[in-house]
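Subject: Structure handover

Hi,

Here is the structure I promised to pass on. Have a look at it first, and my notes follow below.

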Amino acid sequence: YVKDCPFFDFCSNDIIKALAIRLKPKIFSIGDELAYVGDIGQEMFFIDKGSVEVMSSDGKTVFATLVKGAFFGETSLFFKTKRTSTVRAISFCEVFQLDKCDIDDELRQRNFDLSRMLDTFNSIANSNKRRNAAVAANLEASKMKQNKLYKMIDQSDSMNVSAIKTRRIFLPHSVFRCHWDIACMLFSLYFATSILYRVAFVLEEDISSYRRWLLVDFSIDIFFIVDVYFRYTRFAFVYNGTVVINRNSIARHYRKNGMLLDVFSCLPLDVIVLLIPGLKDSVFLFRLVHLIRVRRLPSYLNHIEGYLNGWNIRVSAAMSLLSKTFFYYVLVNHLCACIWFLIHRYLERNIKYTWATTDCVEGGDDAGEGCLATWDDEMGQHNICNNGYVTNCYIRSIYFVITTISTVGYGMYRWN
């Protein structure tokens, strides 16, 4: 890329190789701005993959579209002037960045004469200015009905500029979308860890103390209802490298990608239950419907990985896979521990010997006081957890899950 750039035609192969070593790879996502109008830049860029558009300061005019092999930002290498255009990625881009300090250092070491390079730069800079001025003039002339350009340009495009601007925060990889997806991931993770845990481990006498958390849960429910609205009407998506902002297309795309499940997960069954006096204690059971949201966790994690790449925070494929594997491993063990205890609490309530009644960490007979749960002969059933030590029961559930499900299990033992 350095060799093909006309600025460096007069440089020796040693200088070109030295500058090539100084190039820094950068990655940008759709909608990211690589250069900002008004900034005093300290670098130029060479496009390796993808395409960008050079825009006017008001964002209404696109002067040029640059693709692989093109370069921009060269003014920063020679003069301390403000950038006159904004450069925005219109597809996923990989570029190489050459900093002004690096080129100054290499040329200074070799006593290179910059005069011939500056002549080439001024020639290209003047050509770019004439091109930008011509594009702006033609667009202005196209607004006049007596001009031939008026019939060639769709005047509705200029009317849609303000509408497009209002939707910019909803574009993929915008700051708003980034924060929104992070919030969706955190709230989904909260549901995944709390809903099933409360059904399994919260005792009847403790339900009233846990109800204050329902305010938090209901607030998150409202957030997800707004999320469904945004995904149906506002959130643009990328299809074949193009950002789709048409609302009909957005709605159609969402309907095909899990909209009904998202709507079902937002049903306020728990709110309805609270209004029925005899079912108030079953409120946590009816919140199980919100666990459907957990299925979107993998997509949220993939989005966040894309944001990290856009912020130039590189995560290797091996590290990403290892982190996700550990994350899912912990989450699945937690869910299985809750299910393990649910079996003891509800399905085996009238069975004397269960894993909990025979887990006597404090010693003593099975189903006795030293076990996690105690059998009551008069009632013909065992209690849920001795002395209300729910934390101890959860830890033992996690232990049994790890030793039986997520590892090799108990193995095959033969008594000799």
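Helix 3 (residues 100-109) lies across strand 1, strand 3 and strand 8 (93-99), and runs at about 45° to strand 8. Contact here means heavy atoms within 4.5 Å, while axes are lines fitted to C-alpha atoms, for helices over the stretch in contact, with angles from 0 to 180 degrees between N-to-C directions. Helices (H or I, at least four residues) and strands (E, at least two) are DSSP runs, numbered from the N terminus.

Before going further, a word on the source: this is a predicted model, where local features need pLDDT of at least 70 and side-chain atom pairs count only at pLDDT 80 or more, while totals for chains, interfaces and linings use all residues. Residues are numbered from 1 along each chain as its sequence is written, and side-chain values use heavy atoms, leaving out hydrogens and water.

The sheet under discussion is open, with four strands in the order 1-8-3-6 and antiparallel pairing; two strands pair if DSSP finds at least two bridges between them. Strand 1 (24-28) and strand 6 (71-72) are at the edges with a single partner strand each, so one side of each has no neighbour in the sheet. Strand 6 is joined to strand 3 (residues 43-49) by two bridges in the antiparallel sense, and Phe72 in strand 6 is the bridge partner of Phe45.

Another open sheet of four strands has the order 2-7-4-5, again with antiparallel pairing. Its edge strands are strand 2 (33-35) and strand 5 (62-66), each pairing on one side only. On average, neighbouring strands of this sheet are turned by 25° against each other, direction ignored. Four bridges link strand 4 (residues 52-55) to strand 5 in the antiparallel sense, and Val54 has Ala64 in strand 5 as its bridge partner.

Is helix 8 enclosed or open to the outside? Of its 27 residues, 19 are buried, so helix 8 is largely enclosed by the rest of the structure. Buried means under 20% relative accessible area (1.4 Å probe, protein chains only).

Buried residues account for 40% of the 416 residues. Of the contacts between residues at least 6 apart in sequence, 70% join residues at least 24 apart.

Best wishes

Conventions
Buried means under 20% relative accessible area, exposed over 50%, partly exposed in between (1.4 Å probe, protein chains only).
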